[in-house]
Structures are given as C-alpha cells and as structure tokens.
Amino acid sequence: MTAAANAAPAAPAATRIAIVTGASSGIGAATARGLAAAGYRVVLTARRKDRIEALAAEITAAGHDAMAYALDITDRAAVDEFATAFRKVAVLVNNAGGALGADTIATGDPDDWRQMYETNVIGTLNITQALLPALTASGDGTVVVLSSTAGHGTYEGGGGYVAAKHAEHVLAETLRLEIVGTPVRVIEVAPGMVKTEEFATTRFGGDTEKAAKVYAGVTAPLTADDVADTITWAVTRPPHVNIDLLVVRPRAQASNTKIHREL
C-alpha cells in the first residue's frame, strides 16, 4: 500500500501532525495517546500493522485524531515513500528501537549488535532525514529522540545496547548543533528503568524469568505512561523553549547500576 493511500488529505492549518515510530506497544503507544489527547493528529508507525490499527481505532473512539501506517524504519525506500505524504509535520518522536541480549563484549553476538544499531541509530537517521524538510516547513517543528540512560553511562552486559544508545544521543546532540537557526528544536528524553510489557522480554529472547529479574524488588519502576507524560510535556513547551536533554528515572534508581531493591 502506498503512502498516499495511507495518508489523509492535507490537514487544515489548525491541525498539527505528530508522527510516532514504534507505536505498536509500550512507550510509543503511550506517547501516541498522550499527544493525541494534547490535540495533535497522530500518525502511528510500526511494523505490526494490526497493533497500530487497533491503537488508532482506540484513539479515534476517544474523540481524538489518529491514523496508522505500517513501516519498518530500517527500510530507507519505504521511509522515503512514507515521507512524501506529508508537506508539514509538527512533531517526530523517534521511539522505535530496543535491546537484544545482555552478553559480555567477549561473548556478544555481532548480529544482535548490528540489529540494535540498525534500529536505534540508522532507523532514527532514516526517518529524521526524510521528514526534516516537512518539520522545517511547519515553521515550528520538534524532533524527539528517545534514547536511554544507557546512552549516558555504561554497564556490564550492555555493550551493544549502550553503544547504540550512545550513538543515538550523539545523533541528537549533533543535529541540534547543525540546524540551530532553523524553526526546529531537538529534544532528547533518556529514560532509566521502565517496566513495559515487551522490552525486557524481547531483550532476553522471550525468557520471561530473566525479564522478571530486571525489575525484581523494585516496587515502582517507571511505566510507559510516565515516559509518555514526560515526552508530551517537553513537546508542548512554548516554541522558544528547548528541553535539550531530560533524564528520567524511578526514585529507586540512582544510576544504571545503583538500584534499590526490596528483596
């Protein structure tokens, strides 16, 4: 299906478009709900078409405006086609990404590293490049890069994910330098421990026991809604206000490796 078939006719000037990648679950889905409630016309992208279509229906039923577009952001040709559907975009939330494995540098799987880099970094690069003209044309665009505290500190067993998130952080920081003076701001939100339905389970190849250990004894890790609320707040600041970097952790987490657990 082409981008033109998925996109609605040009929106009136009063309607502002927000595109969210990785919107099929977790933080992406919660962010889509939050931005829709804030008055944006949200465009949900992810590979799982059924998930984003169900979410778009949910948001529409709640009285907001949403549409779904199945997209793999690592496919540059598909991303470029998607971007042709939009003349102006107010917000791009680069949420798609994730972690694979927790092996040491000595034992890590290069294929896992490659996949994490392709999704977290190259995917973010692809869609940001493709939509930057539309973000600029809006006269008040916002690029959100959802990185991680992993992009600001290292920890054992996280080498591949940490490397990818460091690269994503640098992408956001460099883009901000390069486009200063244009009507586009770049916001980086770096969450710490967030308990979602899929992140840790995916990281450990579906091993729910290993996934549960990540959060063992932590009475109140962040939720997807916590992070989505943070993103929505940052996006809805006045246009001249740029939240360069916002690190958000649960109270029980002082660093990537210092976590209070009640065991």
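**Close-up 1. Asp80 and Arg76 form a salt bridge in this predicted model.** The N to O distance is 2.9 Å. Both residues lie in helix α4, four residues apart, about one turn of the helix. Asp80 is partly exposed, with a relative accessible area of 34%. Arg76 also counts as partly exposed, at 30% relative accessibility.

**Close-up 2. Helix α4 (residues 76-83) meets helix α5 (residues 110-137).** The two axes come within 9 Å and cross at roughly 30 degrees. Angles under 35 degrees count as roughly parallel, so α4 is roughly parallel to α5. The crossing is right-handed. From α4, the contact uses Arg76, Val79, Asp80, Phe82 and Ala83. From α5, Asn126, Ile127, Gln129, Ala130 and Leu131 take part. These contact residues divide into six nonpolar, two polar and two charged.

**Close-up 3. Glu198 pairs with Arg48 in a salt bridge.** Their closest N and O atoms are 2.9 Å apart. The pair links distant parts of the chain, 150 residues apart. Glu198 sits in the loop between β6 (184-191) and α7 (199-203). Arg48 sits in the loop between β2 (41-46) and α3 (49-61). Arg48 is partly exposed, with a relative accessible area of 31%. A network of salt bridges links Arg48, Arg51 and Glu198.

Close-up 4. Lys165 is buried, and so is Glu168. The whole structure holds ten salt bridges.

Definitions and conventions. Residues are numbered from 1 along each chain as its sequence is written. This is a predicted model: local features need pLDDT of at least 70, side-chain atom pairs count only at pLDDT 80 or more; totals for chains, interfaces and linings use all residues. Side-chain values use heavy atoms; hydrogens and water are left out. Axes are lines fitted to C-alpha atoms, for helices over the stretch in contact, and angles run from 0 to 180 degrees between N-to-C directions. Helices (H or I, at least four residues) and strands (E, at least two) are DSSP runs, numbered from the N terminus. Angles under 35 degrees count as roughly parallel, over 145 as roughly antiparallel, 65 to 115 as roughly perpendicular and the rest as oblique. A crossing is left-handed if the near helix is turned anticlockwise from the far one by less than a right angle, and right-handed if clockwise. Contact means heavy atoms within 4.5 Å. Ala, Val, Leu, Ile, Met, Phe, Trp, Tyr, Cys and Pro count as nonpolar, Asp, Glu, Lys and Arg as charged, and the others, Gly among them, as polar. A salt bridge is a side-chain nitrogen of Lys or Arg within 4 Å of a carboxyl oxygen of Asp or Glu. Buried means under 20% relative accessible area, exposed over 50%, partly exposed in between (1.4 Å probe, protein chains only).
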